[in-house]
Each structure stands twice: as structure tokens, then as C-alpha cells.
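Please consult the sequence and the model shown below while reading.

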Amino acid sequence: MPSPQLPLPRRRFLTRSAGAAAALGLTGLGSVPAHAADAPRPFGRHGSPARRRTPRTLYVDPYGRGDFTSVQAAVTAATGTGRTLVLAPGTYRETVAVDPARTGMTWIGATENPRDVVIVYDNAAGTPKPGGGTYGTTGSATVTVQPDGFTARWITFANDWLRADHPGVSGTQAVAVKVQGDRSAFLHCRFLGHQDTLYADSMALTAFARQYYAHCHVEGDVDFVFGRATAVYEHCCFHTLDRTDLTAAPYGFVFAPSTARANPHGILAVRSRFTSGARDGAYKLARPWVPSYETTARPSLVVRDSVIGPGIDPVAPYTDMREAYPWQSMRFHEYRNTGPGAVITVPADRPQLTPAGAARHTPAVYLGGWNPHRRTRSL
């Protein structure tokens, strides 16, 4: 796809105007909050190294008032299961990888405002690696989460790599977070990027990882919510960015599911909002991704009970990624959506569920007995 860009590089754009950044849901990525360095209680109500909320809690603070100054250092030290990291306000410019052995891990943004705690880096798929080769889509992720039972709350995950800054790089996918574990929950988090922002995946082609995202903000332009996980997005906002490098639509696509054929549940967006900083009708709602390594995939997407704004093309909201896998042969459905982007003009181009069909596409059905609120209610 052609390269998207903002009028200013993301880091300068975010600090240029607090009002403009807030309108795009981006406030806080460009700099550490002014009060962070001298805050008397950097970890809020979540304790401190002197008064740990539990013996298995570690504290991270870029100013040295915690156990560690980087998130990765804390993850490395948090061996075993059921560990908690409390992150003080700050911009953590690093990549973080959580391996499968660290099950039941929880990350908490100490201020309970995701704009205050930002984990960000700027690798892309085509970025050269120090030892040779390039990172690829998976390797570009700012944060990679592999264990089962992972929970994050009140944190921003971002990738601020821009194609405009790297005109010679052809691999422009730049992932903010890649999630692979079963029973992964993200509540009140933000995911910021351009292409391939949020990669909801699993550890193996045959693994149907369940993931839950609630009250989250996700933004980007090309396939910025994608992957093969059973992923539920409830009360989330999906924001499509403007593009100054294109003169004609489509500017991009919100969803690109790659659900395994054997998995009855793919992406479910429910009671959510679709907003845009681009002109009306500039974006498609989705296109199916059938990877070359899994050509039997049959992507699944259901968008229901949501408000779809004018940024989504209402006449033809779906398109193909490759002609060999037309979207009409996939599992794309809608139900009881409202807003200018949800208007049905050609019924065949907007498959609708019946009430009986909709009953099979709910968070409870997709999550299969797992209640993520039970684990996070006490945070």
C-alpha cells in the first residue's frame, strides 16, 4: 500500500498542540507528563517499593523511584506466574517481549490514565536488524505478549515509525503490540500506529487464543486491527487517520482478520464506535487476510450494535486483499449498526445477521466461559 503520513512527524505532531492531539486521542505520546518527575506518589494507589501491594509486585519508574527504570528489565526479573508490574507515568522508549512462561502477568498504569504511561518504539517490517536482514511484521512489534492470562490496564502501546521518514523502506508494517496468549485482556488501553497497529494472534495455527479488549482506543490506517485470534472488542473506539499522500480512496482498512477455518469465532466488535480524521467514505471496514502460510484460513468478522461514522464507505465497506480470496466467500457480517457509515444501500454488500444468528456472536459465546472482568475487578 502507498505510504501514509501526517503533516508533521508523529512525535512533533503530538507535542505541537494539546488540543489537536486530544481530538485525535493521541495526547501523552510525545512527552512525559510534566508532573511525573516530581510527583510525590508516582505509583498512585498501587503501593510502592516500600509498601508493595503484594510480594509479587514490581514497580517501574523512569526516574529511578521504582525497582526498575525499564519495562523489559522488570519483565525479565518477574519470573514465574502471577506477577504484577506497576508502571509510573512516563514514555518508555523500548521494545518489550514477554515469553510464554510468565503466565498470569498483570501490567497496571499507575495513574489510571493511559495517556500518562506510554510504551513506544519505531521499528517497521523493513527496518534493518543489527545482525543483518530485517525485522519483518512480527519483529517490528513494540511489545510482544505471549503468555496466557496476561492483563494490561491504563497503558498506551504505540509504534511511531513513519513511512515519510523512511522512503527507501518497502516493509511498512509497524506493529504497536502483538498478542498471542489465550485469555489476554486489555482494559482502558490505547493502541497507536499506522499500518498493522494491533496484531491479535495466537501461538500456533491450531491455537484459538481468546482475547478481550474493553474501553480501548485503536487507531491507524492500513489493516490496523488484524490477526487470527478470537478477539472481542467491546466499547472500543476505532479511529482512522487522515492521509495526505493519497488523493483517492480507499485510504485503508480497519480490520484484516485471518481466522482459521476450524475456528468458529474471529473478530467481534460490539457496542463500539468508528471515528475518522479523514474525509467521508475514505476507509473500508475490512478485508480478509489469507496468509501464504495458511491458505485454508477463512477470516471471520462481526460488527454489531456499533456506531459507524462517515469515515467508512457505506456503499462498499468490504474489499479483497487478493482476488483469489474474495471477501464474499469469508465470514463477514453485521447486526444492528447505526450511523452514516452503516447505511445499507446494496444489501448484498453488507451481509446482516438474523436475531438467531446474532445470538451466536456475543462476547460470552466467543470467550467460552472465561470472564475477564473477574480477574480485573479488584485492580
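## A partly exposed loop residue

Asn-113 counts as partly exposed, at 30% relative accessibility; buried means under 20% relative accessible area, exposed over 50%, and partly exposed in between, with a 1.4 Å probe and protein chains only. Asn-113 is placed in the loop between strand E7 (106-109) and strand E8 (117-121). Helices (H or I, at least four residues) and strands (E, at least two) are DSSP runs, numbered from the N terminus. The C-alpha atom of Asn-113 is separated by 8.6 Å from that of Cys-189, although the two residues are 76 residues apart along the chain.

## Basis of the model and overall make-up

The model is predicted, and local features need pLDDT of at least 70, while side-chain atom pairs count only at pLDDT 80 or more and totals for chains, interfaces and linings use all residues. Residues are numbered from 1 along each chain as its sequence is written, and side-chain values use heavy atoms, with hydrogens and water left out.

The secondary structure of the protein chain comprises 7 helices and 27 strands. Of its 379 residues, 55% count as buried. Among contacts (heavy atoms within 4.5 Å) between residues at least 6 apart in sequence, 72% join residues at least 24 apart.

## The parallel sheet and strand E20

An open sheet is formed by 8 strands in the order E5-E8-E11-E14-E17-E20-E23-E26, with parallel pairing. Strand E5 (90-93) and strand E26 (307-308) stand at the edges; each has a single partner strand, so one side of each is left without a neighbour in the sheet. Two strands pair if DSSP finds at least two bridges between them.

Strand E20 (237-240) is joined by 4 bridges to strand E17 (residues 217-220), and the two run parallel. Within this pairing, His-217 stands opposite Cys-237 and Val-218 stands opposite Phe-238. E20 also pairs with strand E23 (residues 273-276) in the parallel sense, over 4 bridges; there, Phe-274 is the bridge partner of Phe-238. Both faces of E20 are covered: Cys-237 and His-239 are buried on one side, as are Phe-238 and Thr-240 on the other.

Arg-243 is found in the loop between E20 and strand E21 (252-257). Is this residue, Arg-243, buried or exposed? Arg-243 is buried, with a relative accessible area of 2%. Its side chain is joined to that of Asp-245 by a polar contact of 3.2 Å. A polar contact is a pair of N or O atoms within 3.5 Å; within protein, one must be able to donate a hydrogen and the other to accept it, and residues adjacent in sequence count only if both atoms are side-chain atoms. A polar atom of the Arg-243 side chain also lies 2.4 Å from the backbone oxygen of Tyr-251.

Pro-250 is found in the loop between E20 and E21 as well. A cis peptide bond joins Ala-249 and Pro-250, with omega about 0°.

## Residues with positive phi

Most residues other than glycine have a negative phi, and most peptide bonds are trans. His-188, a residue other than glycine, has a positive phi near 55°. His-188 is found in the loop between strand E13 (184-187) and strand E14 (190-192) and is partly exposed, with a relative accessible area of 28%.

Arg-271 is not a glycine either, yet has a positive phi of about 50°. Arg-271 lies in the loop between strand E22 (267-270) and E23 and, at 38% relative accessibility, counts as partly exposed.

## Nonpolar cores

A nonpolar core is a set of buried Ala, Val, Leu, Ile, Met, Phe, Trp, Tyr and Cys residues joined through side-chain atoms within 4.5 Å. The largest has 66 residues, and those with the most contacts inside it are Trp-107, Phe-157, Tyr-213 and Phe-255. Beyond its neighbours within four places in sequence, Phe-157 is in contact with residues including Trp-107, Ile-119, Val-143, Phe-186, Cys-189 and Arg-190. A second, separate core of 14 residues includes Ala-185, Leu-187, Val-232 and Val-302.

## The largest pocket

About 280 Å³ of space lies in the largest pocket. Of the 15 residues that line this pocket, the closest to its centre are Thr-137, Gln-173, Gln-195, Asp-196 and Asp-223. Strand E18 (residues 222-227) supplies the largest share of the lining, 3 residues. On a 1 Å grid over the protein atoms alone, a pocket is an open set of points where a 1.4 Å probe fits, with protein on both sides within 12 Å along at least five of seven lines; lining residues have an atom within 4 Å of a point. Grid points are joined across faces, edges and corners, and a volume is the space filled by probe spheres set on the points.
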